[in-house]
Amino acid sequence: MTAPTITAPQLALARNAADAALGVLPTSRPLAVAEPIAASADVLIEGQAVTARFSGAAAGEVVVVVGQDLADALKESPLGELDLTAAVRPALEAAARVFGPVVLDPGQVMEPQVALSALAAKDGAVAVPLVEGNEIRAVLALSLSPWPSDGPGAGGNVARRDSAGPSIQLRGGLDMLHDVEMEVSAELGRTRMSVRELLSLTPGAIVELDRAAGSPADLLVNGRLIARGEVVVVDENFGIRVTEIVTPGTERE
C-alpha cells in the first residue's frame with residue numbers, strides 16, 4: 001500500500017532515487033528495486049541505518065538501511081574497522097541528487113527501527129525496499145518538504161544496477177568493500193610538544209620530527225599504517241612511491 005498523499009510522479013521519483021542509490025550501494029548479492037510503500041518501522045531488516053538531511057534544490061531526509069553482512073564486513077576489515085557512514089554516503093548522495101543539486105549533511109548511524117520510525121512520522125515519507133526475490137535485503141526511505149509537484153516520471157538519468165544476468169557475481173566479505181572510498185594520508189614524522197611550546201610557535205619556526213632526513217614516509221588508511229615509501233613530486237603535487245607494504249602486526253617495526 002502506498003502513501004495516499006504521494007502522487008504517481010512522486011513515487012516515480014522515489015523509485016529513481018532507489019535506482020541511483022542501488023547503483024553505488026555495497027551489497028553482497030544482486031538486488032532489485034521493489035514498489036515504494038509508506039515509510040514504516042515495520043519495513044525492517046537486520047542491520048544498521050544511516051540517515052542524513054539534505055537541502056538545496058530540494059529539502060528533506062534520506063535513510064539507507066543495510067544488511068548486517070555489510071556492517072560486519074566493515075567492522076572486520078583487515079584495514080581495521082571502517083566507517084559505515086562513509087561506506088553508505090555515496091548511496092545517500094546519489095538518492096538525494098535525483099531531486100536536483102543538494103548539499104548532504106554528514107549523516108549518522110542509527111538503529112533501523114529508530115530511523116524509520118522518525119521518518120515515518122513525517123508527511124509523505126516513502127520507503128523503497130531493495131529485494132532479493134521476496135526477501136528485503138536493504139531499504140531506501142525518503143521524506144521531502146515539500147515533495148516536487150512534478151517529476152521526471154519513471155525515466156531519469158540515474159545509475160542502475162542490473163538485477164539479473166549470468167555476468168553478476170555474488171560478493172561477500174572484503175569483496176563487497178572494493179568500491180568503498182577511504183581516507184588515505186601520508187605522515188613524515190611526529191613529535192611531542194608542551195602547551196607552552198605550541199603557544200610560542202610563530203611563522204618561520206622549525207618543528208623537529210622523530211624521523212631522520214631521507215627516511216620513508218608512512219602511508220595510512222583511516223589512520224592505520226599499510227605501507228611506507230619515498231616522497232616524490234607528481235605534476236607539481238606531492239606523492240608517495242611505495243617501497244614497502246606493511247603486514248598486519250608489524251606496524252611498529
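This report looks at an aromatic cluster and at one glutamate in a predicted model.

**The aromatic cluster**

The structure holds two aromatic pairs. In one of them, the ring planes of F54 and F99 sit at 10 degrees, so this pair is stacked. F54 belongs to strand β3 (residues 47-56). F99 is in the loop between α3 (84-96) and β5 (102-104). The two residues are 45 residues apart, and their pair links distant parts of the chain.

F99 also pairs with W147, and here the arrangement is edge-to-face. F54, F99 and W147 form one aromatic cluster.

| Pair | Centre to centre | Angle between planes |
|---|---|---|
| F54 and F99 | 6.3 Å | 10 degrees |
| F99 and W147 | 6.0 Å | 85 degrees |

Are these residues buried or exposed? A residue counts as buried when its relative accessible area is under 20%. F54 has 4% relative accessibility, so it is buried. F99 is buried too, with a relative accessible area of 9%. W147 counts as buried at 11% relative accessibility.

**Residue E187**

Now to the glutamate. E187 lies in strand β9, which covers residues 184-187. Its relative accessibility is 19%, so E187 counts as buried. Which side chain does the side chain of E187 meet in a polar contact? The partner is the side chain of R190, at 2.8 Å. Beyond its neighbours within four places in sequence, E187 is in contact with R211, A217, D218 and L220.

Conventions: Residues numbered from 1 in each chain as written. Predicted model: local features only at pLDDT ≥ 70, side-chain atom pairs only at ≥ 80, totals over all residues. Heavy atoms only, no water. Helix = DSSP H or I, 4+ residues; strand = E, 2+ residues; numbered from the N terminus. Buried < 20%, exposed > 50% of the residue type's maximum accessible area, 1.4 Å probe, protein only. Polar contact = N/O pair within 3.5 Å; in protein donor to acceptor, adjacent residues only side chain to side chain. Contact = heavy atoms within 4.5 Å. Phe/Tyr/Trp six-rings, centres within 6.5 Å; stacked < 30°, edge-to-face > 60°.
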